[in-house]
Structures are given as structure tokens and as C-alpha cells.
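This briefing is for a reader meeting the structure for the first time. Look through the sequence and the model, then read the points below.

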Amino acid sequence: MGEKIQEELNVANMFDIKLGGLVIHVSETIVVMWIVMAVMIIGGFLVTRRLRVKNPSKRQVAVEGIYSWLDTLFRNTVGEKGAWIVTYLVVMIIFIVLSNMIGIFGFKAPTKDIQLTAVLALFSIVIVQAAGIKAHGVLGWLKSFANPINVLELFIKPLSLCMRLFGNILGAFVIMKCIEYAVPAVIPPVVSLYFDLFDGALQAYVFTFLTALYIQEAVE
Amino acid sequence: MLSFDLSNIIMIVINLIVLVVIMRFVAVKPIRNIIKKREELINGQINDAETSKANAAALEAEWNNKLKDVDEESARLMDKAKTDAETEYGRLMDNARAEAEHIVDKARKAMDDEHTRIMESAQSEIAGLAIDITKKVLETSDLKGINDSLYEKFLTGDEDGSVGN
């Protein structure tokens, strides 16, 4: 069982792209990311077709409702000074939710790969610092590092974001595999509802909401 | 699981940037635009409603003022009409009284004139009649005998004037 789980946890290299002398390894994570991206882009294109100002369809009302809820949530958190980053946060929460849930369809969740969660955390911290520079100027931003705790936070925050998401998804994946191994029928789909749907959505919310809070701290 | 590959990380970075950029134009922007347009439409309708409400309130105030003015004008006209009517009534009554007095005086004067005229006429008639009677008496009477008796009476000194006895 341990070997099987270890095998499932390894991120396989699907194929290589050779650009002259440069070889780019395309891992399973990237392929699944492309699938998630394709779903998001095609879905985004489909749901935003024929939008009407008057007499919107039920689909349009639902799409606008979800978007408005996310937009308000992040806008209220980051404040007006950080409003320019709301689009990124909205896109990221949808991406992480879909990435966490894609295990339901038999794919390996890309957030189970620490490379993806590390890049997401890196993006978050770059955006947080950019928001701080935009709000206070370069000098104001540099002054904030007079406090050594702030220098430590520069590394602690992305590390915690990265590890929290990675650890939760990895943990859920391991538990699910154990349950599937121990009780192959009936129980796994029920437990999957919690780990893939609820926990997946919750971790996406925690990741983006914490990023929004860090932005709020940076711009204040 | 915990391995890092630079080319993978670069691919992930590119993927995420591409995803955010494409999603911004494909989904986020159209949804924001439509929400903004609807907000503008709703705000426009709210503004229109507020303008209409303000206009209605202004019209109501104007109407109330006009109604108040009309009431005041009505009361003023009523008072004026009443005063005018009373003045006119007094004037007409004075005129009627003066006219009546004038008619009564004129009638009284005419009556007096008529009375005088009738009296004068009657006097004239009576005098004429007296003359006529006298004339007729004289024409039908034995004036010689009368005259003789008168002479005799005069001569005898019978002063009672009786004739013949």
C-alpha cells in the first residue's frame, strides 16, 4: 500500500519540449493545469456569451452572483488601495478550487505538487510587496523592513501559504487512498465529498483570503 | 513529490500569468462591464425616479400654494363681492328712497296744482253759472214791475227790501 501511495504521490514527467538546446520537462501537474485552464477559459467564454443588461438569463444571474460575491469579498478585504489585485484573487480562487476538485474526475490534483503551491505562494508574496510599494512608495516599503519581524514575514508568509495548501491537499489525498485501499466500496465517494469538495474549496478560500489579508496589511 | 524542476516552475509561472490574463479578458471584464452597465441603468432609473419624485413634490407644493392662493383669492373675492353688494344695496336703497320721495313730492305738488286748478275752474264755472242764472232770471222776470216795486220800496222807506208784499 505504501509503495502504491508513494507512486501516486510522485509527479510523473509526461513529455519533454525541446527548444533548441533547451529541454522543458512537462510534468503531469502542468498537463492537469492545462486541463483546468482550458475548463476555466472555455467555461468563462461560454458563461459570458450573450450577457444582457435587461432580462438576464438564470445562467447569467448565477454567474454574476458568484462573481459579485467573490469580488465584494476580496474588495472589502484588500480595500480600495488594493482593488487592482481583485481580478487575480478571483481567478486564483477559481483555479485552486478546480485544481483541488479535479481528483473527482480521476486526475491528480496539481496542488498536490509542491512546485505549484510554491509558485502560487511566490505570486502571492510578490503581489503583496507590489501592493505595499504601490501604496507607500519604494521608500515607505523599505522603511517597513526596519522591523526585523517584517523581514522574517517576507519568507514566513509564502512558506506558510505554500505548505498549508500543499499539506492539506497531500494529506487529503493520502487519507483518501488509505480509505480506498481499506474500504473500496461505498465509503470512498462519501469521504471524497468532504476532502475533494469541501476541503478543496475551503483551502482555496483560505489561501486567497490570507493573500488578501496580507495585501490589506501591506497597503494600510 | 518534493522535487523542484526549474523548467516546470517556469511553465507553471507562465501558465498562471496566461490564465490570469486570458480570464481577465474572457470572463472577468465582460462580467464587470455588464454589472457596471446594469448599475448605471439602475442608478439612472433611481435618478429618474428621484427627479420625478422631486418634480412631483415641487408640483404638489406649487399646487398647494395655488390652492391656498385660490382659497385666499376666493375668500377675498367673496368679501369684495359682499362689500360691493352691500354698497350697491345701500346705494340702490338710497336712490329708491330719494326717487320715492321725489315721486311723492311730485305727486303731492301735482295734486295741489290740480286742486288749485279745479278750485279755480270751479270758481270760474260757478261765476259763469251765476252770471247765466242772473242773466236768465233777468231775461224771464218782469223787470218793470220789479223796478217799480223797488222804486216804491225806496220811496216808502221799506227797508226790508221785500217786493210786492
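The points that follow are grouped by topic and start with the chain as a whole.

The model is predicted. Chain A has 220 residues, of which 35% count as buried. Its secondary structure consists of seven helices and two strands.

**Chain A overall**
- Along the sequence, the elements of chain A come in the pattern α-β-β-α-α-α-α-α-α.
- The C-alpha trace of chain A spans about 55 × 55 × 45 Å along its principal axes.
- If contacts in chain A between residues at least 6 apart in sequence are taken, 66% of them join residues at least 24 apart.

**The largest nonpolar core**
- This core holds 59 residues. Among those with the most contacts inside it are A:Ile85, A:Leu89, A:Phe95 and A:Ile215.
- Both chains take part: helices H2 (28-47), H3 (58-78), H4 (86-101), H5 (114-143), H6 (148-182) and H7 (187-219) of chain A, and helix H1 (6-140) of chain B, each supply at least two residues of the core.
- H4(A) gives the largest share of the core, 13 residues.

**Helix H4 of chain A**
- H4(A) is largely enclosed by the rest of the structure, because 15 of its 16 residues are buried.
- The length of H4(A) agrees with expectation: at 1.5 Å a residue its 16 residues should span 22 Å, and its end C-alpha atoms are 23 Å apart.
- A:Val91 is one of the residues with the most contacts inside the core. Apart from neighbours within four places in sequence, A:Val91 is in contact with B:Leu19, B:Val20 and B:Met23.
- A:Ile96 also lies in helix H4 of chain A. A:Ile96 counts as buried because it has 27 C-beta neighbours inside 10 Å, where the cut-off is 20 or more.
- Leaving out neighbours within four places in sequence, A:Ile96 is in contact with A:Thr111, A:Ala204 and A:Phe207.
- A:Ile96 and A:Tyr205 are 109 residues apart in sequence, while their C-alpha atoms are 8.7 Å apart in space.

**Helices H3 and H7 of chain A**
- The axes of H3(A) and H7(A) come within 8 Å and cross at roughly 30 degrees. Angles under 35 degrees count as roughly parallel, and H3(A) and H7(A) are therefore roughly parallel to each other.
- On the H3(A) side, A:Phe74, A:Thr77 and A:Val78 make the contact, and they meet residues of H7(A) including A:Phe209, A:Leu213 and A:Gln216.
- The residues of this contact of H3(A) with H7(A) divide into seven nonpolar, two polar and no charged.

**Where chain A touches chain B**
- The contact takes 31 residues from chain A and 27 residues from chain B.
- On the chain A side, strand S2 (22-27) and helices H2, H3, H4 and H5 each supply at least two residues.
- H2(A) provides the largest share of that side, seven residues.
- By type, the chain A side divides into 22 nonpolar residues, eight polar and one charged.

**A loop residue of chain A**
- A:Ala12 sits in the loop between helix H1 (2-9) and strand S1 (13-19) of chain A.
- Is A:Ala12 buried or exposed? A:Ala12 is exposed, with 10 other C-beta atoms within 10 Å; the cut-off for exposed is 12 or fewer.
- Beyond its neighbours within four places in sequence, A:Ala12 is in contact with A:Ser27 and A:Glu28.
- A:Ala12 and A:Glu28 are 16 residues apart along the chain, and their C-alpha atoms are separated by 5.5 Å.

Key
Residues numbered from 1 in each chain as written. Chains lettered and ligands numbered in written order. Predicted model: local features only at pLDDT ≥ 70, side-chain atom pairs only at ≥ 80, totals over all residues. Core = buried A, V, L, I, M, F, W, Y, C linked by C-beta atoms within 7 Å. Helix = DSSP H or I, 4+ residues; strand = E, 2+ residues; numbered from the N terminus. Contact = placed C-beta atoms within 7 Å. Expected span 1.5 Å × (residues − 1). Nonpolar A, V, L, I, M, F, W, Y, C, P; charged D, E, K, R; others polar. Axes fitted to C-alpha atoms, helices over the stretch in contact; angles between N-to-C directions. Parallel < 35°, antiparallel > 145°, perpendicular 65-115°, else oblique.
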